[in-house]
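Please look over the sequence and the model below before reading the notes. They are arranged by topic.

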Amino acid sequence: MAFFGENQVSAWCNIEGRGSVSIRDSYNVSSITDHGTGNYQFNFSTSLSNHAVCCEGEESGDTNGGAAFTCLRRHSTNSNNTRVRCTSGPGGGFFDFEHVYIIVCHDG
């Protein structure tokens, strides 16, 4: 079931964030750009009508064989893409996680 209108889910994406970064599955995401360690840009198939955007996400994986406390921070968003950065905890450095997920809603 699709929902259209104000506050709709405008895009979502599930990517492989390690090695050869790739999209596992998505809606309204045409491609991703890897800007370096833990720094990903999600490019929309159809541009958003404005910049009133909420982007939420998470990542999972491990570091050195153990579970990691992780943070996903929205870096920037415009009508054509959103960019996020993944860290290995508050104040931690950028990190490539195995699974990175985002969902984007906007006031369309």
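The notes below cover fold, confidence, core, salt bridge, surface patch and one backbone feature.

This is a predicted model, in which local features need pLDDT of at least 70 and side-chain atom pairs count only at pLDDT 80 or more, while totals for chains, interfaces and linings use all residues. Residues are numbered from 1 along each chain as its sequence is written, and side-chain values use heavy atoms, with hydrogens and water left out. The protein chain has 10 strands and 0 helices, where helices (H or I, at least four residues) and strands (E, at least two) are DSSP runs numbered from the N terminus.

**Fold and surface**

- Along the sequence the pattern of the protein chain reads β-β-β-β-β-β-β-β-β-β.
- Of the 108 residues in the protein chain, 37% are buried; buried means under 20% relative accessible area, exposed over 50%, and partly exposed in between (1.4 Å probe, protein chains only).
- Contacts are heavy atoms within 4.5 Å; among those in the protein chain between residues at least 6 apart in sequence, 55% join residues at least 24 apart.
- The protein chain has an accessible surface of about 5,800 Å², and carbon and sulfur atoms hold 47% of that surface. Accessible areas come from the Shrake-Rupley method with a 1.4 Å probe, and for residues only the protein chains shown count as cover.

**Confidence**

- The average pLDDT (the predictor's confidence in each residue, from 0 to 100) is 78 for the protein chain, and 67% of the residues score at least 70.

**Nonpolar core**

- A nonpolar core is a set of buried Ala, Val, Leu, Ile, Met, Phe, Trp, Tyr and Cys residues joined through side-chain atoms within 4.5 Å. The largest one holds 15 residues, of which C13, I15, Y40, F42, V100, I102 and V104 touch the most other members.
- At least two residues of this core come from each of β1 (6-16), β3, β4 (39-44), β9 (81-87) and β10.
- Leaving out residues up to four places away in sequence, the contacts of Y40 include I15, V21, T33, T82, V84, C86, F97 and V100.
- T82, in strand β9, is buried at 0% relative accessibility.

**Salt bridge**

- The whole structure has 1 salt bridge, meaning a side-chain nitrogen of Lys or Arg within 4 Å of a carboxyl oxygen of Asp or Glu.
- R24 pairs with E16 in a salt bridge, with 2.8 Å between the closest N and O atoms.
- R24 is partly exposed at 36% relative accessible area, whereas E16 is buried at 17%.

**Nonpolar patch**

- V9, W12, Y27 and I103 make up a nonpolar surface patch with about 330 Å² of accessible area together. Patches take residues with over 30% relative accessible area and no salt bridge, joining like charges within 9 Å and nonpolar side chains (Val, Leu, Ile, Met, Phe, Trp, Tyr) within 5 Å.
- I103 belongs to strand β10 (residues 99-107) and is partly exposed, with a relative accessible area of 34%.

**Backbone**

- Most residues other than glycine have a negative phi.
- N28 is not a glycine, yet its phi is positive, at about 60°.
- N28 sits in the loop between β2 (22-27) and β3 and is buried, with a relative accessible area of 14%.
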